[in-house]
Amino acid sequence: MLQQSIIAELRDIVGAANVLTNPEDIFLYEYDASMDFGTPDAIVLPGTAQEVSEVVKLAGRENIPFTARGAATNLSGGAIAVRGGLMLSTTRLNRIVEIDIPNQRIIVEPGIFNLDVQKALAPYGYLYAPDPASQKVSTMGGNVGENSGGPHCLKYGVTTNHVLGLEVVLPNGEIIELGGKALDTPGYDLVGLFVGSEGTLGIVTRLTLRIIRQPEAIKTMLVVFPSLESAGQAVSDIIAAGIIPATLEMMDNLIIRAIEKAICAGYPVDAEAVLIVELDGLRDDQDRMAGEIMQLCDRAGAQNVRIAQTQQERDQLWAGRRGAFGAVGSIRPNYLVCDGTVPRTMLPDVLRRVSQVGEEYGVLIGNVFHAGDGNLHPLILFDARNEEEVARVREAALEILKVCVEAGGTITGEHGVGVEKLVGMKLMFSDADLQAMAWVKDVFDPQGLANPDKVLPPTPEAA
Ligand SMILES: Cc1cc2nc3c(=O)[nH]c(=O)nc-3n(C[C@H](O)[C@H](O)[C@H](O)COP(=O)(O)OP(=O)(O)OC[C@H]3O[C@@H](n4cnc5c(N)ncnc54)[C@H](O)[C@@H]3O)c2cc1C
């Protein structure tokens with residue numbers, strides 16, 4: 001509980017309407033898209049970087065933890081207030097500061113939705129490449145916090161490859177500028193450090209982003225396979241042949257059926273697996289590349305290929321993929337998304353192991369993922385009201401992460417560590433590795449108030 005005098009100070013800084021303390025409001029900020037919960041003491045909605053700075057200084061003076069929050073769509077518990085304190089929502093920081101077409105840059109505030117950035121750029125014939133499936137609602141601050149990926153990141157790279165500059169409020173309240181419109185800022189790459197730091201090193205209040213021209217032509221194909229393994233083989237073969245499509249997204253039968261029930265995207269419900277392969281770039285090159293891809297898919301056992309003939313058909317194929325997580329609600333009320341990344345050649349083996357894990361733990365698993373990046377998203381479906389089932393789901397999720405690490409992969413491709421993957425960090429890193437990361441955290445946040453208990457597992461003493 002915060003003292004009334006502190007709440008009054010917060011109201012002075014951001015305005016009375018922008019401090020929420022009613023139980024009904026607090027309840028709405030207790031969760032994100034993961035399975036974890038945490039109750040903040042107050043929600044604060046600053047409207048400028050200066051206000052963020054003053055709130056953070058007050059938090060430091062009173063030793064109150066604070067957690068930055070965009071749209072709370074992250075899937076690892078990153079935006080929950082584990083130790084209570086202040087929830088700093090970026091909802092009001094949602095302006096476009098500048099669109100600079102000659103230099104191919106856009107400057108935005110962190111609370112803007114990814115899709116609104118795309119909409120602002122479209123009239124100029126430009127786009128911002130990273131496109132998480134949640135782009136309709138996820139914010140640019142959250143995308144930076146998690147170093148988000150998306151279907152088009154196979155060809156264009158993830159968030160970190162497109163963020164050139166950041167304005168950050170440090171945990172001591174100081175406002176600093178990192179990077180900017182120009183390339184190659186001298187000194188340490190602190191922009192790189194902040195991207196993916198999950199709000200544990202400070203709060204981003206402004207972003208300078210690289211933008212690119214929209215492609216001249218796009219070709220979207222739906223390729224149908226008789227098994228998940230054969231689809232995995234096709235992905236591995238396409239990349240091995242030196243072809244980098246804009247996207248290579250895979251879905252299995254469980255997911256296809258859920259999508260058709262909820263969204264009607266036109267996927268064949270009897271297919272064991274489908275791939276959405278999208279090519280973008282110059283018109284001239286596309287037929288040749290599509291032909292090569294079809295040959296490789298045929299060789300891997302593809303049963304059928306459909307090429308979208310109209311923009312409407314293309315949008316419909318993508319609506320299915322982007323709506324896949326929500327669609328599984330038609331099968332079970334809850335899901336946990338695992339987010340391992342493996343070398344692409346390991347995809348067929350790892351997919352087989354994932355389905356074995358499902359059998360061993362008696363849980364239902366669907367697969368929908370950025371296959372071209374080797375970024376798996378096994379969705380474990382369950383009912384959160386059944387505690388025994390929840391325990392099995394958590395064990396199965398950990399087992400899947402172990403499978404990914406054993407295959408030479410990682411415990412998260414794009415959804416971050418948050419609180420959910422703290423155990424997983426120990427699967428990947430030695431004590432010395434983790435200590436080096438803890439030093440970085442200490443340098444920026446010696447009081448440990450910025451989104452505490454995230455990313456780094458507690459030391460044995462603290463545990
Ligand atoms: C249906 C669905 C589909 C998804 N698809 C994808 C996908 O394709 N690719 C992908 O990568 N992810 C995906 N996600 C996960 C999620 O949408 C992303 O992680 C997204 O970037 C989170 O944005 P957000 O605004 O919701 O951030 P939040 O969840 O609010 O926050 C995420 C993290 O960033 C920190 N943070 C937020 N704002 C700031 C700030 N201004 N400064 C510093 N730290 C900050 C938070 O403290 C937290 O640690 C999906 C989620 C859902 C529910």
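User: What makes strand 14 (residues 273–281) count as mostly covered?
Analyst: In this strand, 8 of its 9 residues are buried. Buried means under 20% relative accessible area, exposed means over 50%, and partly exposed lies in between, with a 1.4 Å probe and protein chains only. The model is predicted, so local features need pLDDT of at least 70, side-chain atom pairs count only at pLDDT 80 or more, and totals for chains, interfaces and linings use all residues. Residues are numbered from 1 along each chain as its sequence is written, and side-chain values use heavy atoms, with hydrogens and water left out.

User: How do you know that strand 12 (residues 217–225) pairs with strand 14?
Analyst: Two strands pair if DSSP finds at least two bridges between them. Strand 12 and strand 14 are joined by 9 bridges, so they pair, and they run antiparallel. V223 stands opposite L275 of strand 14. Strands here are DSSP runs of E with at least two residues, helices are runs of H or I with at least four, and both are numbered from the N terminus.

User: What does strand 13 (residues 247–252) do beside strand 14?
Analyst: Strand 13 pairs with strand 14 in the antiparallel sense, over 6 bridges. E249 has I276 as its bridge partner in strand 14.

User: Why is D445 called buried?
Analyst: Its relative accessible area is 2%, and the cut-off is under 20%, so D445 is buried. D445 sits in the segment after helix 16 (431–444).

User: What makes the link between D445 and K441 a polar contact?
Analyst: A polar contact is a pair of N or O atoms within 3.5 Å; within protein, one must be able to donate a hydrogen and the other to accept it, and residues adjacent in sequence count only if both atoms are side-chain atoms. The side chains of D445 and K441 are joined at 2.7 Å, so the pair qualifies.

User: Which residues does D445 contact, leaving aside neighbours within four places in sequence?
Analyst: They are P171, T200 and A450. Contact means heavy atoms within 4.5 Å.

User: Which polar atoms lie by oxygen atoms of the ligand?
Analyst: A backbone N or O atom of G142 lies 3.3 Å from one. A polar side-chain atom of H370 is 3.4 Å from a ligand oxygen. For a polar side-chain atom of N451, the distance is also 3.4 Å.

User: Which element gives the most to the shell around the ligand?
Analyst: Helix 5 does, with 5 residues.
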